[in-house]
Amino acid sequence: MIPRYATVIFPLALPRLYTYAVPEEMSKIIARGMRVEVSLKNKLYSAIVYDLQEDVVLEYKAKPILAIMDETALVTEMQLRFWQWMAEYYCCTMGEVLGVAMPSGLKLESETRIMASVPLDADTGAFLTDDEYLVAEAVQMQNEVTIGQIQDILNRKTVFPVIRSLIDKKVVSVKEELIEKFKPRTTNYMKLTPAYAESPDHLSQAIALVEKSEKQTRAFLSFVQLSKYKTISLPVSDVCKIAHVDHAVIQAMVKKGIFYTEKKVMSRILSDPDGNYHTEDLQKLSAQQEAAVADIREHFRAQKPVLIHGVTGSGKTRVYSELIQENLRAGKQVLYLLPEIALTTHMVQRLKAVFGPDVLVYHSRMNNQERVEMWNAVLSKGKIVIAARSGLFLPFHDLGLIIVDEEHDPSFKQNDPNPRYNARDAAVFLSQLMKADIIMGSATPSLETYTNAVTGKYGLVTMADRHGESVMPKISVVDLRAEFRDKRFNGVLSHELITSIKTALEGGEQVLLFQNRRGYAPTLHCNLCGWKAGCNNCDVHLTIHKALGELRCHYCGVRTRKPERCPACGSTELQETGFGTEKIEEIIRETFPDAKVGRLDLDTARTKAAFEGILQDFEEKNIDILVGTQMITKGLDFENISLVGILNADSILRYPDLRANERAFQLMTQVSGRAGRRQRQGRVIIQTYEPSHPVIVETMLHLYDRFYDRESRERKQYGYPPFFRMISIEMLHKNAATVSHTAQVYADNLRKTLGSRLIGPAVPGIERLRGQYIRTLTIKMEKNPAVVAKIKELLLTERDRLQSVPACRSVRINIDVDPY
């Protein structure tokens, strides 16, 4: 077939795909998955070729393709099929899928701005064509130029191939404003000074300088043992850990001229900053791990997805590593999905230590150039990719295994913008599409996944014991009613928790304190007139951030100075109610003045470098007590944590959501799992006003099966997932009357067909966010694929009809399939 027409996907939310004519000179080289330069409404775009036809009937005259931008397809056939499924399943357009799937450096349009990457000198210019040099020179002179300006410079319409070539040669780059570039992680290294490094004989002179200090002698001998008399540098933390000393001991030897220290940048790919790959051999599998691997292989032979239900610390990562190694030997690619890449530093380091340069890391915080390079690396047979949910869209060609770690985590669900997909569910479809195996792992599986496992749709592998000599932590519950009655409760810390923290600190152990609310206090109100500090854009209270003297909205980000007097009546009797991590940190410092206290939340760890810095301090025991939000529930594996405190379990349980109990059980179990992950049994203290609550009891006794049975009965009784399917519809507008009217019309039209399956319209718990009033509709339906498909089609049809009505056109309608 000689293609004469090409249907293309634009990176826009267009309701349909458009077809363009293929010029004769391009017909032999064009292919599906290539980028082409096309015009749409007098703007130029790079679009992806979705389909090729020899003949087609159109109601419009097809415009010609202006240029082919790639020598080979940038998007694979499997990706195109995956995008199509995602658009159909999640009720969105293929353009919206393309928008989240491809790095912005690969999506060009006529308003895109181009900026210089390197200075233009004689060496650089020697590799450029005349057109490329003209563009590069203009970019250097003007700092940045638009596609339209480049068209004027070259005096022609087709300029994307020139831009693509300059990007490939790293002369220019696409301007980025919103994506934050990773800051490199630095680590302190120590090395012998030349006077002592020249010969092993000189080491005796150094020993003479430290022999009067037991700690310095221990640290010096530990360095010699680790370095094996080679003139290499070693991480200060490694030497301190082996010698059981702190950094001050190393600094003392630096002052004596024995060592000097330097900061080294830790590469994301290299496990050694000097560029050497030091990979470790995999440890021998335990009996439990061997049994798990054997069971997984059996399920894979039956072509079933597999759920590993393993308690925290059971050694699931070692099982994953064994299966990764098998796939690498077979020449297959592996995708390892983690809920939040910035929160999983330990996991990344652990896998890099074993697999070295075969490990690539991909996530949304990478800048455009890094993401484009990652895309090309996977396209050219990258081996292991560790990624957040966006890793699903990479161009794998021979995917053998997908691992979805912590599959229950809500971060796998994209809530805005479209496509509102769940990476766990999409990964299952991708595995079927590419004939790859898939494993989902969790200590607290979601009800959806566990139901699929117990009904036989998925294979189930259980790892009920912690690895090695580690034992499950002892969980105890503090009844705050009794503490309050006995006047032993200061509003944040119970007497039992204070006593336990003191014991842990005296034993040289570390403590984690969990409160899922950042800031100092969630509300500020006037005792005289009842005024409350609220957000002007949202129907929520402003949170106090004491260190900054500010009130902040955690939804829209608005900030205002904290008032000294009530804006309504002028009274100075303003009261702060509740507590967040900032207030807890203050109370801990007052209660334990000699302890080193740290805080890990969105305020202190906005960047990956800041996050890693806090974790590094905790690992090196520069922090005794770490206070944090749910960020501390993920990726922390430190051997010295003996105590975990959950300060307010009730706030998690009372959240108005069908999954509140499930989320509470998962959060409390996950944070409890941070305690005692080595030989010593850890302790967990849960503070609550309702110690008999079923979820509290099930968490305390590690009763996942009982939790699942009870929660399943309730879900089945009231018609909720995983026994019924759900679609949530959110409607937003700046005018409350407009959104109410539109929601009622939409509901009335749908109810004619859906009947009692439709609930609403309803006003949500927070009626207004970011200046937009909200109304919701909920559809609960039987798990029948044919019925679900018809309902989705009905939703889209009625939405399009509604948006053709002038009074309703400006209302934004979001359809969320399988809300999570």
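How many nonpolar, polar and charged residues does the lining of the second largest pocket have? By class, 18 residues of this lining are nonpolar, five are polar and 11 are charged. Here Ala, Val, Leu, Ile, Met, Phe, Trp, Tyr, Cys and Pro count as nonpolar, Asp, Glu, Lys and Arg as charged, and the others, Gly among them, as polar.

The model is predicted, so local features need pLDDT of at least 70 and side-chain atom pairs pLDDT 80 or more, while totals for chains, interfaces and linings use all residues. Residues are numbered from 1 along each chain as its sequence is written, and side-chain values use heavy atoms, with hydrogens and water left out.

Rolling a probe the size of a water molecule over the atoms shows where empty space is left. On a 1 Å grid over the protein atoms alone, a pocket is an open set of points where a 1.4 Å probe fits, with protein on both sides within 12 Å along at least five of seven lines; lining residues have an atom within 4 Å of a point. The second largest pocket has a volume of about 880 Å³, a volume being the space filled by probe spheres set on the points, which are joined across faces, edges and corners. Its lining counts 34 residues, with Y89, D425, K457, R725 and D818 lying nearest the centre. Helix α27 gives the largest share, six residues; α1, α16, α17 and β30 are among the elements that each supply at least two. Helices (H or I, at least four residues) and strands (E, at least two) are DSSP runs, numbered from the N terminus.

Side chains of opposite charge can pair when their charged atoms come close. The structure holds 44 salt bridges, each a side-chain nitrogen of Lys or Arg within 4 Å of a carboxyl oxygen of Asp or Glu. In one of them, R589 pairs with E585, with the closest N and O atoms 2.9 Å apart. These two residues are four apart in helix α20, and so are separated by about one helical turn. R589 is partly exposed at 40% relative accessibility, whereas E585 is buried at 12%; buried means under 20% relative accessible area, exposed over 50%, and partly exposed in between (1.4 Å probe, protein chains only).

E698 also forms a salt bridge, with R710, at 2.9 Å between the closest N and O atoms. E698 lies in α24 and R710 in α25, so the pair ties together parts that are 12 residues apart in sequence. Both E698 and R710 are buried. A further pair, R659 and E662, has its closest N and O atoms 4.0 Å apart; R659 is buried at 5% and E662 at 0%. These two pairs belong to a network of salt bridges that links E448, R659, E662, E698, R710, E711, E714 and R715.
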